[in-house]
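Here's a quick briefing to read alongside the model. Have the sequence and the 3D view open as you go.

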Amino acid sequence: MALDDPYFMVRDEVSRAVTAAKETFTRWKQLAQTNKEDEFMWSTNELKNSLKSIEWDVEDLEETIVVVEANPAKYNTHSKEVNERKDFVRKTRTILEGIKNKMALNEKKRQYTTKVVDPDVVGENDRFIDETQRQQTMLIEKQDHHLELIGNSVGVLRSMGETIGGELEEHNVLLDDITDNVDSTHNKLNNIMGRMAKLTRMTSDRRQWVVIGVLVVILIVVLILFSVF
């Protein structure tokens, strides 16, 4: 890996921040079950600020991925590694969204609990919130699974594209060789045809001289015959 690859520094910071946010979130859930309102509110604000900061870091992380993906040769990266980096960003965002959703649901739950006095109504609201939270969790898991399948498909298609590109380059080399051979054969044929033409002209000239010689001999013989008689 290239030493100036900016991805790893940002990724390590994000990993540490997510770990700290999970710990804060665990403490926040414990406080939500108590009457320590002041401490709970402080923990809520702390957690929200932490999540916001992580989201900014994730955006920076996505920018580093774009930079590396645009110039993989400079950072000595391959498509598989780029996909792994994108997968890290996706999973991090899923964790952040899960925490934010649970905080929002808990806030609604506390509002209902404060406003509603009837225990039956409170219980019904709790069940509704729990069911909504469960459905959202299932939806996030399905989305995560679908995104993972899409990522794998993209990797396979990219690999196939690279293979096809390599084969096309090999075919281009073969076509260049065939073109060179055809040009060479064409030149050889031209040379042979030229030599044959010269030979034909030479043969024709010789025949003409032979005919002339025969005619001269016949003329001499006729003259001799006329002189004798």
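Helices here are DSSP runs of H or I with at least four residues, strands are E runs of at least two, and both are numbered from the N terminus. This is a predicted model, where local features need pLDDT of at least 70, side-chain atom pairs count only at pLDDT 80 or more, and totals for chains, interfaces and linings use all residues. Residues are numbered from 1 along each chain as its sequence is written, and side-chain values use heavy atoms, with hydrogens and water left out.

**Overall build**
- The protein has five helices and zero strands.
- Of its 229 residues, 18% count as buried (under 20% relative accessible area, 1.4 Å probe, protein chains only).

**Largest pocket**
- A pocket is an open set of points on a 1 Å grid over the protein atoms alone, where a 1.4 Å probe fits, with protein on both sides within 12 Å along at least five of seven lines; lining residues have an atom within 4 Å of a point.
- The lining takes in 18 residues, with Asn83, Lys86, Asp87, Arg90 and Gly151 nearest the centre.
- At least two lining residues come from each of α2 (37-70), α4 (79-115) and α5 (119-228).

**Aromatic pairs**
- Searching the whole structure turns up two aromatic pairs (Phe, Tyr or six-membered Trp ring centres within 6.5 Å).
- Phe25 and Trp28 have ring centres 5.7 Å apart and planes at 15°, so they count as stacked (under 30 degrees).
- Both sit in helix α1 (residues 7-32), three residues apart, or about one turn.
- Phe25 and Trp28 are both buried.
- Ring pairs tie Phe25, Trp28 and Phe40 into a cluster.

Conventions. Buried means under 20% relative accessible area, exposed over 50%, partly exposed in between (1.4 Å probe, protein chains only). Rings of Phe, Tyr and Trp (its six-membered ring) pair if their centres lie within 6.5 Å; planes under 30 degrees apart count as stacked, over 60 as edge-to-face and the rest as tilted.
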